Amino acid sequence: MGWVREAEDFFRADGPLARALPQYEWRPQQARMARQVALVLEGSAGPPAAVALIEAGTGTGKSLAYLVPALFYAHATGERVVVSTQTIPLQEQLVSKDLPSLQEVLPFSFTHALVKGWANYLCLLRLERIRSRPEEQDEETEDELQALAAWADEVDEGSRSELPFEPTAELWEEVSADPDACLRADCPLFQRCHFFQARRKMEGAQLLVVNHHLLLADAVVRQAVGWESDRAVLPVYGCVILDEAHHLEETASAHLGRQLTRRGVERLLHRLHRSRGNRGGLLATARLLAGEAADREAKELLELLDWQILPATRRAGEQAEALFDGLAAWAARADGLRVIRPGELPERLERLAREAAGDWTALAGLLDRFRADLKGFAPAREERGRAVLAELEGVDLALRRQAEDLEAILQAEGPDEVHWLEGGRAGVKLRSAPVEVGPLLQRALFDQLAGVVATSATLTVDGRFDYLVERLGLEECRQDGRLLEEVIESPFDYAAQALLAVAEDLPEPGVPGFADAVAETLELLVPAVSGGTLVLFTSYQMLEEAGRALEGRLPADRGLMRQGDLPRSQLLDRLRSEPGAVCLATASFWEGVDLPGQALELVVIARLPFAVPTEPVVAARIERLRRLGRDAFAAYQLPEMVLRLKQGFGRLIRHRTDRGAVVVLDGRVTRRRYGQTVLASLPPASLVRGGRQAISEAVRRWLAEGPREVAG
Ligand code: SF4
C-alpha cells in the first residue's frame, strides 16, 4: 500500500486516529483535505512547484489534515517538509499539541523542530563578556544580567519565549545572538550555544515549523547563494505547507522592504559608546584591549580610537539626531505620515541624509581599520579579544546597511516600491516596501520548490481564489495547470448555528453620530444575549469614541473591557471566565480568538474592515491598478476587506454545538451593490436585516428559541 493511501486511511472513522484519540471525530472534510495535501506532495516531482490553495472552513481540523500526509511523505521519501505559519499561537499548537500526539499515533517515529531566528536566542558569549565588566553596568542591569545567567544554566532551549521575565529591549539586543557578531565554530561556548544546539536539531529534523518571516528570509538568501546552498537560514527542503496563508503577501511586503528607525540607529551607536551614566560600551572594551598591546602599537591604536573613532561616533550620533529631528518635523506637517516621492525631499533634509550616510560609512571604515590593526596583536587572538572583534564587525556591517537603507529610502526611486516616513519625534521611522510581491514570491518560492500547499479559513472571495492567485503571483502556475484550487466547506451547520444580522438604520461610518448610534445599538444588543460579546472596530479612535458613548449604559453585571485595558490574553481569559462580559477590540482580535460555547455568543462588526486608503502600501497598490486601467476597488480594496471580514465572522462558531449571532452595524453591506459579493463570501448563516431595535429582538429570539423562529 502506498503512503498516500496509508495517510488517507489514517483519518477513517475506524482508523488509527479514531482508535488513539478519544476526542477524535470523523470529518469527511478533514479526510478530503488530507487526501489533497497528500496528492500535491506525492506529485511534487521537482520545481516549479505543484501548488494547492486550500480554503478549509473553521472546524475542518486542518492542522492534522496537513501534518499527517506531510509526515507520511517525509517518512516515505526522506525529503524534509517545512510548515510555515504567521502566528506564534499556531506554532505552539503544532509543536506542543498536534505533533506530540501524532508521535504517539503514527506507525513510525519522526523528528521535528521549531525554528526561530537568531534574535530569539541568548548569546552566551555576549552575556559573559558583558558580565565580565560589572563596572559598566548600573544596578538594575546587573540584576537582569544575573537573572539571565542563572536562567541560561538551567534552560533547555534558551529561547526568549522561555524566559520567565521580560528583559529590556536594549539589554536583549546586546545579549541576543547576532549573525554579524557570532564567532561560530571559533566560539569557546559553541558546544553549549543555544542557537547552534537548535540548529543541530533542525538539521536532523524531517519536519520544520517556522514562521513566514523566517521562510522568506531563507528564500531571499537562497536567491543570492543558490537554492541548494547550505549557507541559507534553513536546511534544504523541497515542499512547504503555508498555514495562515492569507498573511503571506503582507508579511512578504514587510520582509522584502527596508526600515530605518531613530531608535535602531541610536541603539547601534549606543552599543559602541555610552557618554551618559557609568557604562562604557564596546569602544571602552576595545580600548582596554588595545592598551594591552606592546607600547608603540598600543599608542597607535589608542590614538586611532581617541582621535578618530570616538569623535566620528559622536559626529554620527549628532548627525543622526539632526536628521531624525528634521524628518520628524517634516512628517508632522503631514499628520505623522508622508509618502516620499523622487525629488520631493526638502533640500536641507537631503543634505542631512547625505551627511549622515557619509558619517556612518566613514565610521564603519574606521572600525574596519581598527579591527585590521588590532587583529595582529596577541590580546586580540585570545578568546576575549576575538569576541570584541566580532562585535565590532557586527556594528561595522550594521552601520553600512543603515547607510545603504537611508540612501535607498530617501532617493525613493523605482515605480515598484513605495517609500514613506511615519511616526512622531521619538519614534520616527523610514520605510519602504515593494508594491507587488507576487513576482518576487514566484521567483523566490514557487519556481524553486517542488510542492506548496497554502491553506487558511479565508482564501476565497465569493467562492473564488482569483484575488489570491493574483496577489501571490500564481497566474502562471494556474495557466500551466499546476494549481489545485479547493474549497473545503466547514463541517458546521451555519444556517442552524449562526445568525447574521445587518442593522440598517445607523448613520454610515465616519458620519457624525455613528459612535453614539453604535453605543445605542450595543445597549439593546448586549442584554439580548447571556454569553460574551466581542465588538470589532477598525480603528482605536472609533473604539474609544464608542467606548466613551457606552459608559454607564450597560447593565452593571456585564463587565465592559476595552483593548488596551489589559494584555490580550487576560482580556480573553475574562471573556472565558466572566459570563456575559463585553470586550471592545480592534486589530489583532479580528483573528486568532478562539472562544467556544457561551464565552462568545455575539460578535458585533462596527464597520466593514476596508484598509485605510491613505496607508502608503495600500495607496501605492490602488495607484498602480489605476495606472493599469483597472478598477482598484473591485480588484483590490473589496476582496481584501472581504477576507478580513471573513476572519472576524469566523470568531463566532468554533464548535459543532456553538450558537450565536454576528451583527454588522455597517449598513453598506446591504445598501451597496458590492454587498452581494460580501454576503456570498460569508458562511451560509441565517440572515436577518432591519432597524437596530428589530435586529436586537431577532438576536434575542434566535438565542432563546432557535433558528425557525426568526423571520429572514
Ligand atoms: S556560537 Fe555565536 S551565538 Fe553562540 S554563544 Fe558563541 S558567539 Fe554567541
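This is a predicted model: local features need pLDDT of at least 70, side-chain atom pairs count only at pLDDT 80 or more; totals for chains, interfaces and linings use all residues.
**Strand β4**
- Four of the five residues of strand β4 (residues 207-211) are buried, so the strand is largely enclosed by the rest of the structure.
- Strand β2 (residues 81-85) runs parallel to β4 and is joined to it by five bridges; here Val81 stands opposite Leu207.
- Strand β3 (residues 112-114) also pairs with β4 in the parallel sense, over three bridges, and Ala113 has Leu208 as its bridge partner in β4.

**Aromatic rings**
- The model has 14 aromatic pairs.
- One of them is the tilted pair of Phe610 and Phe633, with 5.6 Å centre to centre and 40° between the planes.
- Phe610 lies in the loop between β16 (602-605) and α25 (616-627) and Phe633 in helix α26 (residues 632-649), so this pair ties together parts that are 23 residues apart in sequence.
- Phe633 is partly exposed, at 28% relative accessibility.
- The rings of Phe633 and Tyr674 have centres 5.2 Å apart and planes at 55°, so this pair is tilted.
- Tyr674 lies in the loop between α27 (668-671) and α28 (675-681), and its pair with Phe633 ties together parts 41 residues apart in sequence.
- Tyr674 is buried, with a relative accessible area of 12%.
- Trp118, Tyr121, Phe190, Phe195 and Phe196 form one aromatic cluster.

**Charges over rings**
- The charged end of Arg222 sits over the ring of Trp227, 5.2 Å from its centre.
- Over the ring of Phe589 sits the charged end of Arg568, 5.0 Å from the ring's centre.

Note on methods
Residues are numbered from 1 along each chain as its sequence is written. Side-chain values use heavy atoms; hydrogens and water are left out. Buried means under 20% relative accessible area, exposed over 50%, partly exposed in between (1.4 Å probe, protein chains only). Helices (H or I, at least four residues) and strands (E, at least two) are DSSP runs, numbered from the N terminus. Two strands pair if DSSP finds at least two bridges between them. Rings of Phe, Tyr and Trp (its six-membered ring) pair if their centres lie within 6.5 Å; planes under 30 degrees apart count as stacked, over 60 as edge-to-face and the rest as tilted. A charge sits over a ring if NZ of Lys or CZ of Arg is within 6 Å of the ring centre and within 35 degrees of the ring normal.
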